[in-house]
Amino acid sequence: MGATATITRDEAAREAAAAGPLTPVQAVEARLWTALRDVEDPEIPISVVGMGLIVSIAYRADERAVDLELTFTAMGCPAMDFIQDDIRERLLAESDVDEVRIEIVWDPVWTRARIRDDARATMRKLGIVA
C-alpha cells in the first residue's frame with residue numbers, strides 16, 4: 001500500500017473548483033459522507049468517518065441504494081454489529097436512500113494512519129493516544 005498524498009485545504013478547494021459542479025450522484029454521496037459523521041464509535045465519541053472505518057461509498061441512484069465498504073480496527077471488535085446498525089439507520093434516514101448494503105473489508109488493513117487529523121485531536125483531548 002502506498003502513502004497517501006496530503007494536500008492543503010486551499011489546494012483541495014482549488015481542485016474542487018477546477019473539477020466543476022458535482023453530478024447528482026456525487027452530491028448524494030457527499031451528503032452521505034456528511035451523514036456518517038453523525039455515527040460515532042460506541043466506545044469513544046469519534047465518528048466512523050473520523051476513525052477511518054469507512055473505506056468507500058457508492059450510491060446507486062437507480063436502486064436508491066448505498067454500497068458501503070467498512071473496516072474495523074480489529075477483527076474481534078465487539079461493536080461491529082452496533083456500528084453496522086447505526087450506519088444503516090443513519091443512511092436510511094436520508095431521503096434518497098431505501099437500501100444500505102454493507103460489506104466488511106480487511107483490505108486495506110485499518111491502521112492509526114486512517115484516523116483523520118480532527119478526530120486525532122479530539123482523541124488527544126480525551127487522553128487517548130492515537
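Modeller: One term before we start: buried means under 20% relative accessible area, exposed means over 50%, and partly exposed is in between. Also keep in mind that this is a predicted model.
Biologist: Got it. So is Arg64 buried, partly exposed or exposed?
Modeller: Arg64 has 31% relative accessibility, so it counts as partly exposed.
Biologist: And where is Arg64 found?
Modeller: Arg64 is in the loop between strand 1 and strand 2. Those two strands form a hairpin with four residues between them.
Biologist: What about the phi of Arg64?
Modeller: The phi of Arg64 is positive, about 55 degrees, although Arg64 is not a glycine. Most residues other than glycine have a negative phi.
Biologist: Let's go inside. How many residues does the largest nonpolar core have?
Modeller: The largest nonpolar core has 32 residues, and those with the most contacts inside it are Leu36, Ile54, Leu68, Leu70, Ile87 and Leu91. Two or more residues of this core come from each of helix 2 (24-36), strand 1 (54-60), strand 2, helix 3, strand 3 (99-104) and helix 4.
Biologist: Which residues does Leu36 touch?
Modeller: Leaving out residues up to four places away in sequence, Leu36 touches Ser47, Val48, Val49, Ile54, Ile57, Leu68, Ile87 and Leu91.
Biologist: New topic: where is Gly50 found?
Modeller: Gly50 is in the loop between helix 2 and strand 1. With 4% relative accessibility, Gly50 counts as buried. Not counting residues up to four places away in sequence, Gly50 touches Arg114, Ile115, Arg116 and Ala119.
Biologist: Ala119, you say. Which residues of helix 4 are buried?
Modeller: Helix 4 covers residues 117-125, and its buried residues are Ala119, Arg120 and Met123. They cover an arc of only 100 degrees around the axis, which puts them on the same side of helix 4.
Biologist: Which residues are exposed on the other side of helix 4?
Modeller: Asp117, Arg124 and Lys125 are exposed there. Helix 4 is then followed by Gly127, which has a positive phi, near 80 degrees.
Biologist: Now Thr71. Where does it lie?
Modeller: Thr71 lies in the loop between strand 2 (65-70) and helix 3 (80-92). Thr71 is buried, with a relative accessible area of 0%.
Biologist: Last one: what does the UniProt annotation cover?
Modeller: The unreviewed UniProt entry carries the annotation "domain: MIP18 family-like" for residues 30-100. Over residues 30-100 the chain is 28% helix and 21% strand, with the end C-alpha atoms 16 Å apart.
Biologist: Thanks, that helps a lot!

Definitions and conventions: Residues are numbered from 1 along each chain as its sequence is written. This is a predicted model: local features need pLDDT of at least 70, side-chain atom pairs count only at pLDDT 80 or more; totals for chains, interfaces and linings use all residues. Side-chain values use heavy atoms; hydrogens and water are left out. Buried means under 20% relative accessible area, exposed over 50%, partly exposed in between (1.4 Å probe, protein chains only). The arc is that of the directions from the helix axis to the C-beta atoms. UniProt positions are given in the numbering used here, feature names are shortened, and annotations may be inferred rather than shown by experiment. A nonpolar core is a set of buried Ala, Val, Leu, Ile, Met, Phe, Trp, Tyr and Cys residues joined through side-chain atoms within 4.5 Å. Contact means heavy atoms within 4.5 Å. Two strands pair if DSSP finds at least two bridges between them.
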